[in-house]
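The stops below are meant to be taken in order.

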Amino acid sequence: MEAVGTLHRPTNGSGQGSFRPQRVHRRSLASEPGPTLNAYATDWLHDGEAGRKASTHRFYSFNLRLHILPVLGEKAVSAITRVNCRALMTACRAKGLKPASMRGVNRTLSTVLSQAVEDALLPANPAFRMGKYLRVGDELPPEIQPLTREEAQTFLDKGAECFPAYAPLFLCALRTGMRLGELIELHWGDIEFGNRCIHVRRSRVAGKLTSTKNKQPRRVDMSLMLTETLTRLRTVRQRAALKSGKAVPPCVFLTPDGHPVDGDNLRSRVFYRLLEKAELRHIRLHDLRHTYASLLIQQGESLAYVQ
C-alpha cells in the first residue's frame, strides 16, 4: 500500500506529464474493524507508561480495569459510538459512582480514544464533551472531612500508644500537610533542623518513585513539636546504625522491622485500625492533609501560606 499523500506522475503516450498529488485513502474501518478496546487499551497503557507520572498511570489503569473494559472491552475500537459512551456513564452511575469518579472514567476513555483517532481507527472521539451526562443533579457534593483540633490530638495520642513506630509519620502528616507518597519518600537529607523546615522533593505512588504532584519541589515549615520528634527519631536511627555497623537508612519513616513503608498497607493495617481504636469517624488518610489546612486557617494563617 502506498503512503498517504504519495505523488503520482500521470503520463501520456510520450511518457510526459506534470506532477499532481493523489491521496490514497486508508482501509475501510467498516470492513476491517481492527482491535477490540481491551487489546488496544492494554497496549496503549503499556506503551505510554514510561512517559506518565506513576499516579496518572495508576489512575488510568484503575478506571480501565474496574469500569471501562468490563462494559466496552469486547467492542472493536472503530465501532465505539457516542451511544456506547453514554451507556458506560449510565452503568457507572448505576454502580453508585460519584460525579468526580465518573469524570475520571470519562477522562480515561476519552484519552484512549483520542489516541485511536490519531491512529485512524476512529474519525472523531465519541467520548469528547460528555459534560452534560456527568452532571451532579440532586447528588450531594463530596464532603471533605478534616479532623477537629480535639480529634487530631486524640488520633495522635492513640497512635503513639498503639502504633508507636508510625506516630512520627502521622504527626508529620498533620503538621506539614504532606501527601502520603511524599511522607514515604522523605529522606533525612530533605530536613533542615536548624531552619525547622522540610524540602519536599519526591513522592512514591503504586510502589514507584515519582515527582511531587505538580512536579515542583516545595518547602514546608516544621512545628517545634515535629522538629523535636524527628530529632529524637534521627538519634535512635544513628544509634541503631552504629550498633549494627550499617549506614542510616535514607528514608525518615520505616516499618517496625526497618523496611520502607508501603502506602496501601499503612492505610489498611494501621490508619483505619487506628481510627477504630481512637473511636473516631471514618476518614481518608488524605483527610489528614485537609486537617492540616483547616487548623492553619482556624489559627489565622493566610490561604496563600496554606496552599
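This is a predicted model: local features need pLDDT of at least 70, side-chain atom pairs count only at pLDDT 80 or more; totals for chains, interfaces and linings use all residues.

Residues are numbered from 1 along each chain as its sequence is written, and side-chain values use heavy atoms, with hydrogens and water left out.

**Stop 1: aromatic rings**

Rings of Phe, Tyr and Trp (its six-membered ring) count as a pair if their centres lie within 6.5 Å; planes under 30 degrees apart are stacked, over 60 edge-to-face, and the rest tilted. By this rule there are seven aromatic pairs. Select Trp 44 and Tyr 60, a tilted pair with 5.2 Å from centre to centre and 55° between the planes. The pair links distant parts of the chain, since Trp 44 belongs to helix α1 (residues 37–47) and Tyr 60 to helix α2, 16 residues apart. Helices (H or I, at least four residues) and strands (E, at least two) are DSSP runs, numbered from the N terminus. Trp 44 and Tyr 60 are both buried; buried means under 20% relative accessible area, exposed over 50%, and partly exposed in between (1.4 Å probe, protein chains only).

A charge sits over a ring if NZ of Lys or CZ of Arg is within 6 Å of the ring centre and within 35 degrees of the ring normal. Arg 234 lies over the face of Phe 193, at 4.1 Å from the ring centre.

Next, select Phe 155, Phe 170, Phe 271 and Tyr 272, which form one aromatic cluster.

**Stop 2: salt bridges**

The structure holds 12 salt bridges, each a side-chain nitrogen of Lys or Arg within 4 Å of a carboxyl oxygen of Asp or Glu. Go to Arg 204 and Glu 185, where the closest N and O atoms are 2.6 Å apart. Arg 204 is in strand β5 (residues 203–205) and Glu 185 in the loop between α7 (180–184) and β3 (191–192), so this pair ties together parts 19 residues apart in sequence. Glu 185 is buried, at 6% relative accessible area, whereas Arg 204 is partly exposed at 28%.

In helix α5 (residues 149–162), select Lys 158 and Glu 161, three residues or about one turn apart. Their side chains meet in a salt bridge (3.4 Å, N to O). Glu 161 is exposed at 56% relative accessibility, and Lys 158 is partly exposed at 23%.

Move to helix α9 (residues 263–277), where Asp 264 and Arg 267 are also separated by about one helical turn. Their salt bridge is 3.1 Å, N to O.

**Stop 3**

Is helix α6 largely enclosed or open? Nine of the 10 residues of α6 (residues 167–176) are buried, so the rest of the structure largely encloses this helix. The buried residues include Phe 170 and Cys 172. After α6 comes Gly 177, with a positive phi near 75°.

Finally, select Val 71 in helix α2 (residues 54–72). Val 71 is partly exposed, at 40% relative accessible area. Not counting residues up to four places away in sequence, Val 71 touches Leu 88 and Ala 91, contact meaning heavy atoms within 4.5 Å.
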